[in-house]
Amino acid sequence: MNRDVRITQVRITPVAFRDGPLLNAAGIHEPWALRAILELETSDGRVGINETYGDAPMLALLEECKAHVLGLSPFALNRMEERLRASIRREKAPAYTLAPGSDPSRNAAKAISAFEVAMLDLQGQVVGAPIADLLGGAVRSSVAYSAYLFFKYAEHHGKPYEPDAWGEGIGPEQIVAQAKRMISLYGFQSIKLKGGVFEPKHEIACMQALHRAFPGLPLRLDPNANWSLQTSIAAAPELDEVLEYYEDPCPGLDGMAELARHTKLPLATNMVVTSMEEFRRNVQTQSVKVVLSDHHYWGGLRATQQLARMCALWDLGLSMHSNSHLGISLMAMTHVAAAVPNLAYACDTHYPWQDEDIVVGGRIAFQEGAVRVPTTPGLGVQIDRDALAKLHEQYLACGIRNRNDRQQMQKYDPSFTGVCPRF
């Protein structure tokens, strides 16, 4: 085994893939989702891969980071992190954001994560071990994911796009039908609904319909901080016997702390606990009981393990947040989730909403709502070059360089402002 290898090339390929007209607090998904595919080639010809955000600022950030990674050993994770933190300008963090992945104050963490996963993929190839083993070993052979439901329109606005097989999802009956279809296809054993779109009484009615249709199945509702504190408190009694946890209904840690006094439900977040500084304050305020991690903006797989240990220390639950992603991200999530003993909740994933991928063998399979942990070296997936070229061509042609759900929603409703909270 030769560990005396160095990173000699860094390739960054932006891609675009079809996304559905999924509604959320910020507006509606655009017809194309963007990601960046990262490849690190070594002096002995190995290639480590990863997937991360693909908007224009992230692509520029990755380009800036390339020079600081070239020449490093794939095992020099600490040196890589040290270099990137020193080179990336620190931005002031907002009080909270609808999309932590787009927050420039997390640029260092996002860049570190992007290169860390690709370097871990290389490490696994060199020593012949899956990434889960490099993280201490898998404690489970498969990782459970949750059915992630969305309110949605039947089609995108404007020029014709390929038909959306999921159809409209607005009323309770349609949401229940969406859940039944997703569970029949993938076998999920818990359900989450992305809320913050319609009046709270409508979204509560949808959760109650899911509760009747799937008795005993864990349910979650995520209004994305689009409900005021008063609205969140008023809704709590109707949700207390329905939900597994109540995710980000109102803005801010102070708001969540006050809400916690008015509900029996554990509060969950991927919005107000997104750094160790926020984690410390959450412990002080006793606001959130379930943290939804995301290695893309927490700083990587090792940082996710650190977060998991902190959650265990303070008796907090742990799950995982998701955004529109491809199979490489799904595999990275699966490896770290497998290596975290106290991951007590099924993870979020947007993956069922996508129908394209760039990994050899096609889309990753779910069995009874779970993804099996790879046992092959590294991430356990490789890039399909033809598929990568196709999705890169889609990126070049789609015209989108920065995701803007609010602007997209204004094509349907010119009066839409995106002001939050709205209810």
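Mentor: This is a predicted model. Let us begin with alanine 344, which has a relative accessibility of 60%.

Trainee: What makes alanine 344 count as exposed?

Mentor: Exposed means over 50% relative accessible area. Alanine 344 has 60%, so it counts as exposed. You will find alanine 344 in the loop between H12 and S14. Its C-alpha atom is separated by 26 Å from that of asparagine 226, and the two residues are 118 residues apart along the chain.

Trainee: Glutamine 286 has a relative accessible area too; why is that residue called exposed?

Mentor: The cut-off is again over 50%. Glutamine 286 has 56%, so the label is exposed. Glutamine 286 lies in the loop between H9 and strand S12 (290–293). Its phi is near 55°, a positive value in a residue other than glycine.

Trainee: And aspartate 248: buried or exposed?

Mentor: Buried means under 20%. Aspartate 248 has 0% relative accessibility, so it counts as buried. Aspartate 248 has a positive phi of about 45° although it is not a glycine, and it is found in the loop between S10 and helix H8 (253–260).

Trainee: Let us move on to the rings. How many aromatic pairs does a search of the whole structure find?

Mentor: The search finds 12 aromatic pairs. In one of them, the ring centres of tryptophan 227 and tyrosine 246 are 6.5 Å apart and the planes are at 70°.

Trainee: Why is the pair of tryptophan 227 and tyrosine 246 called by the name it has?

Mentor: Ring centres have to lie within 6.5 Å, and planes over 60 degrees apart count as edge-to-face. With 6.5 Å between centres and planes at 70°, the pair is therefore edge-to-face.

Trainee: What parts of the chain does this pair link?

Mentor: Tryptophan 227 is in the loop between strand S9 (219–222) and helix H7 (229–239), while tyrosine 246 is in strand S10 (residues 245–247). The pair links distant parts of the chain, 19 residues apart. Both tryptophan 227 and tyrosine 246 are buried.

Trainee: What about tyrosine 351 and phenylalanine 366; what makes their label?

Mentor: Planes under 30 degrees apart would be stacked and over 60 edge-to-face, with the rest tilted. The rings of tyrosine 351 and phenylalanine 366 have planes at 45° and centres 6.2 Å apart, so the pair is tilted. Both residues lie in the loop between helix H12 (327–338) and strand S14 (370–372), so the pair ties together parts that are 15 residues apart in sequence. Tyrosine 351 and phenylalanine 366 are both buried. They also belong to one aromatic cluster, with Tyr145, Tyr186 and Phe188.

Trainee: How do you know that the charge of lysine 110 sits over the ring of tyrosine 53?

Mentor: The distance to the ring centre has to be within 6 Å, and there is an angle condition of within 35 degrees of the ring normal. The charged end of lysine 110 is 5.7 Å from the centre of the tyrosine 53 ring and is found to sit over it. Likewise, arginine 181 lies over the face of tryptophan 166, at 4.3 Å from the ring centre.

Trainee: Tyrosine 53 brings me to the largest cavity. Which residues line it?

Mentor: The lining is Arg35, Tyr53, Asp294, His296, His321, Ser322, Asn323, His325 and Met333. The volume of the largest cavity is about 50 Å³, and a search of the whole structure finds one cavity of 30 Å³ or more. By class, its lining has two nonpolar, five polar and two charged residues.

Trainee: What makes S7 and S8 a strand pair?

Mentor: Two strands pair if there are at least two bridges between them. Strand S7 (residues 147–150) and S8 have four bridges, in the parallel sense. Alanine 147 stands opposite isoleucine 191 in S8. From strand S8 (residues 191–194), Ile191 and Leu193 point one way and Lys192 and Lys194 the other way, and all are buried.

Terms used:
Residues numbered from 1 in each chain as written. Predicted model: local features only at pLDDT ≥ 70, side-chain atom pairs only at ≥ 80, totals over all residues. Heavy atoms only, no water. Phe/Tyr/Trp six-rings, centres within 6.5 Å; stacked < 30°, edge-to-face > 60°. Helix = DSSP H or I, 4+ residues; strand = E, 2+ residues; numbered from the N terminus. Buried < 20%, exposed > 50% of the residue type's maximum accessible area, 1.4 Å probe, protein only. 1 Å grid on protein atoms, 1.4 Å probe; cavity = no way out; pocket = protein on both sides within 12 Å on 5 of 7 lines; lining within 4 Å. Points joined across faces, edges and corners; volume = space filled by probe spheres on them. Nonpolar A, V, L, I, M, F, W, Y, C, P; charged D, E, K, R; others polar.
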